[in-house]
Amino acid sequence: EKIEERLRSRFRRLHPSDCQLFLFDLTNFHLEGQALGNTMARRGKSKQKRSDCQLLSLALAVDSRGFPLFSRMYPGNVSEPGTLEDILTEAGLIGDQPRLNLGTPVVVMDRGIATADNIGLLAANGISYTLIERGPRNRQYLEQFRNAENDPEFTRIKRDGQPDVLVKKVEGEREGTAEVLCVSHGKRLKEKAMAGQWEERACEDLLQLQQSIRKGNIKSKDKIIRKLGRLDERFAGFAKRFAVELVPEEGKDGRVADLKFERKPFFDLPDEEENPLLGTYVIESALKDLGAEEIWRLYMTLTRVEAAFHALKTDLGTRPVHHQLEERTSGHLFISVLAYSLLASIEHRLKEAGDHRCWRTIRARMMTHQRTTVIFTDETNTVHHIRQTGMPEPVHSEVYRKLGVAYRVDRRKET
């Protein structure tokens with residue numbers, strides 16, 4: 001707690017800002033080994049598709065520029081929504097122990113944490129928020145999303161090198177809130193591709209089951225129903241997308257002669273060519289005085305915490321965790337957060353200087369500037385160690401200049 005408090009103080013002094021955002025999310029890391037000495041290592045749903053391993057969860061809050069504000073380790077099977085009240089209390093945003101010194105921040109979080117109870121918790125404590133609530137809220141605005149392209153009330157947001165986004169502000173269901181209807185063309189293409197993939201796999205499995213029934217390899221109605229249940233578990237939305245009919249065998253109870261299936265039209269609209277809700281989402285915000293584009297851009301700052309987790313897992317090599325004891329795994333994750341603090345500060349200072357390259361690119365360029373130790377023995381059998389820094393290339397000098405770093409290090413000689 002003392003180290004994080006000192007870091008926040010340093011960041012405020014080095015990089016002052018009036019923006020008071022609290023971007024909050026959770027992720028998990030898998031452990032190698034049994035981790036028998038770690039009471040927080042648990043089985044759960046791994047975000048790296050490594051559910052075969054024990055997991056640890058890390059809660060992280062960052063500000064709008066990606067600087068860490070608060071972190072905490074949880075068991076690997078922790079329920080994401082259940083952590084919010086704990087985090088807000090420890091961070092001093094609710095209760096009587098102010099710690100973050102953020103004034104009245106705006107909490108931004110993803111749908112994984114934004115349950116109705118958590119939204120009520122924020123509202124009850126007078127904390128402003130911007131989020132996407134769990135559940136199919138976009139279904140309530142089906143007609144507006146279907147006509148979004150021709151609706152003049154939708155504002156088109158153009159982004160360099162990325163598909164456009166359509167946004168429209170409406171009055172929120174909760175008192176004192178606003179909702180922003182969003183249509184992302186990039187998200188629509190991605191969801192359409194994903195839906196097409198699982199639907200094709202589901203069709204292949206249904207065809208195989210159909211052929212097995214027709215060949216007589218499987219006739220028991222109970223067994224067939226169990227196989228259909230496994231398909232429903234494997235493919236989310238299977239029952240909503242496919243209509244399956246079992247044709248009984250004449251004169252034999254509990255026996256099936258054939259299986260017929262077809263894809264259901266979306267929302268019982270036979271003329272609908274594709275799901276009109278693909279790529280759509282609804283942002284709820286307590287900042288009802290802001291415009292639709294402002295609320296959308298505020299929510300999109302959540303990518304800062306996603307970028308932080310990406311940097312932790314890839315650039316900084318936090319995963320997998322090889323430590324077995326709880327104290328060491330906790331230290332491993334916290335040291336990774338400290339390393340990310342340095343990474344975020346470097347990237348921010350470079351951006352202030354007009355350099356928008358990511359850390360991975362900067363590191364690859366700087367790795368060729370090295371400090372070398374030359375070791376040799378002279379004729380008197382004296383061993384000499386000479387430590388000297390190589391001359392920087394222009395690409396190195398440019399980064400040092402933007403960071404205000406002196407690259408000249410004294411030559412050292414020891415015998």
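Modeller: The largest cavity holds about 30 Å³ of space, a volume being the space filled by probe spheres set on grid points joined across faces, edges and corners. This is a predicted model, where local features need pLDDT of at least 70, side-chain atom pairs count only at pLDDT 80 or more, and totals for chains, interfaces and linings use all residues. Residues are numbered from 1 along each chain as its sequence is written, and side-chain values use heavy atoms, with hydrogens and water left out.

Biologist: What makes a set of points a cavity and not a pocket?

Modeller: On a 1 Å grid over the protein atoms alone, a 1.4 Å probe fits in a cavity but cannot get out, whereas a pocket is an open set with protein on both sides within 12 Å along at least five of seven lines. The whole structure has one cavity of 30 Å³ or more.

Biologist: Which residues line the largest cavity?

Modeller: E4, L7, P68, L69, V337, L338 and S341, where lining means an atom within 4 Å of a point. Helix 1 (2–14), strand 3 (68–75) and helix 10 (326–352) each give two or more of them; helix 10 has the largest share, three residues. Helices (H or I, at least four residues) and strands (E, at least two) are DSSP runs, numbered from the N terminus.

Biologist: How is the lining of the largest cavity divided by class?

Modeller: Five nonpolar, one polar and one charged. Ala, Val, Leu, Ile, Met, Phe, Trp, Tyr, Cys and Pro count as nonpolar, Asp, Glu, Lys and Arg as charged, and the others, Gly among them, as polar.

Biologist: What lines the second largest pocket?

Modeller: 21 residues, with R304, A307, Y340, E347 and K351 nearest its centre. Its volume is about 550 Å³.
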